[in-house]
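I opened this entry to record what I looked up in the model. The notes run from the whole chain to single residues.

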Amino acid sequence: MFRSLIPALNRAMPLMMAVFLILAVVQVAVMLHLSLAGLEHAFEWLRPAFPFIAGLGTLMAIAGLLYETSAESLARKGLRRRKGFLMDILSRLTNRGALEEMMAREQRETVIDAEELAASLRARVIGQDRVCEDIAQQLRRRLALQVRGKPVGVFLLAGPPGTGKTYLAKQIAKQTERPLQHYDMTQMSSPHAATLLFGSPRGYVGSDTFGTLTGGLKNTPDAVVLLDEIEKAHPDVFKKFLTAWNDGHITEASTGEQISTTRAIFILTSNIATDALTDIAERFENEPDRMRAESVEALKRAGFAPEVLNRLDRIFVFRALHGLDLARVAALEIETMIESYGLHVETGGIDPALLFQLLQKQKNLGTGASARDLVRSIEDMISESLIVARQQGAKMVRLTSHEQGVTAEISRDSDLQLARSSAQHP
């Protein structure tokens, strides 16, 4: 309540000062026992000085107006000619002290709650609880370091396709509130691909713009850099990253500028040596150190670049999804697809027989089956029925499997279900 009165008090300040000045004059007159006749005699004595006082007051008023005008212009430009004499633009437009505190806090240690982060990741990445817990602990330790000459972390997520490696990297960026830079390294298989990431040397085409990676890290130095299927990249591209991981900076080819990588998190994914890594993950599930050592050897035997392996901080091995874990992934993919058609799925509205059919299809595809195969199977089975349901004005559906295929039936209590869904997911 008091804060709301401050603007009004500020506006009334000149009037209050005039009142206080009059009261002070009266108080002085009372203390000196001056009468009205005495005051008149004093004013008569000072009468010759009135023009000079009036002229001085006028000059001071004009000088104040000129100063205010110039101060306003300089403040807009953020200039300060004399410290403490001209108000800084930040002091005029915002709470400068709070901003300085935020900037100081950014330079101090950053501590995250590893348990909370691990729980958030486990809830979203199906079947990889151990990986989620380990990577959360690693991030907590590394973000707390105040002096660091290398990136926050360089992590390799290895294992079979369709197990959530890319999705985990995206969730780390989301849960830590960091920008994501996602690069598909299958497009970096030629020696000239490095120019896309690190810029072109002067005189070459594209030398007037920064590379996507160098420019991205210059604008958002605390990004999560996701390098998908890193083993597909050309060796020349690998060499460029070695400096980023080892020395804590990368060089923009067009300008020669060194851009720091010490605040970034690099996450690499790979599908190489899938069978060997799956076997290692199962045999050494309760021995993380032994698992990492065996994984490094398996990756070396599979032809993974040794210079890259030597600069990795941690290797996390994903296990293949089976049984209910695969069913959970299928259910989430179905829900996502239904929502992409502008519909919602009723609680308990996915027929278990449909999930069982999808599991059987994945099993028939063998160990090479990926999440993309699962999505394609789901699309083939339910997309047509979702289109029909939407044309009929449905808002919420339930999926029923039968001999003729899959039917998206319109939920009768769709409004009630939608209200419940909104309450659960505000």
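I first looked up burial: 37% of the 426 residues in the protein are buried, meaning under 20% relative accessible area, with exposed over 50% and partly exposed in between (1.4 Å probe, protein chains only). The model is predicted, so I note that local features need pLDDT of at least 70, side-chain atom pairs count only at pLDDT 80 or more, and totals for chains, interfaces and linings use all residues. Residues are numbered from 1 along each chain as its sequence is written, and side-chain values use heavy atoms, without hydrogens and water.

I counted secondary structure next and found 19 helices and 10 strands; helices (H or I, at least four residues) and strands (E, at least two) are DSSP runs, numbered from the N terminus.

I then turned to helix α9, residues 165-175, where Lys165, Leu168, Ala169, Gln171, Ile172 and Ala173 are buried. Their cover includes α7 (114-124), α8 (129-143), β1 (153-158), β2 (180-184), β3 (224-228) and β6 (265-270), taking contact as heavy atoms within 4.5 Å. Just after α9, glutamate 177 has a positive phi of about 60°.

Histidine 402 is partly exposed, at a relative accessible area of 34%. Its side chain makes a polar contact of 2.5 Å with that of threonine 407; such a contact is a pair of N or O atoms within 3.5 Å, where within protein one must be able to donate a hydrogen and the other to accept it, and residues adjacent in sequence count only if both atoms are side-chain atoms.
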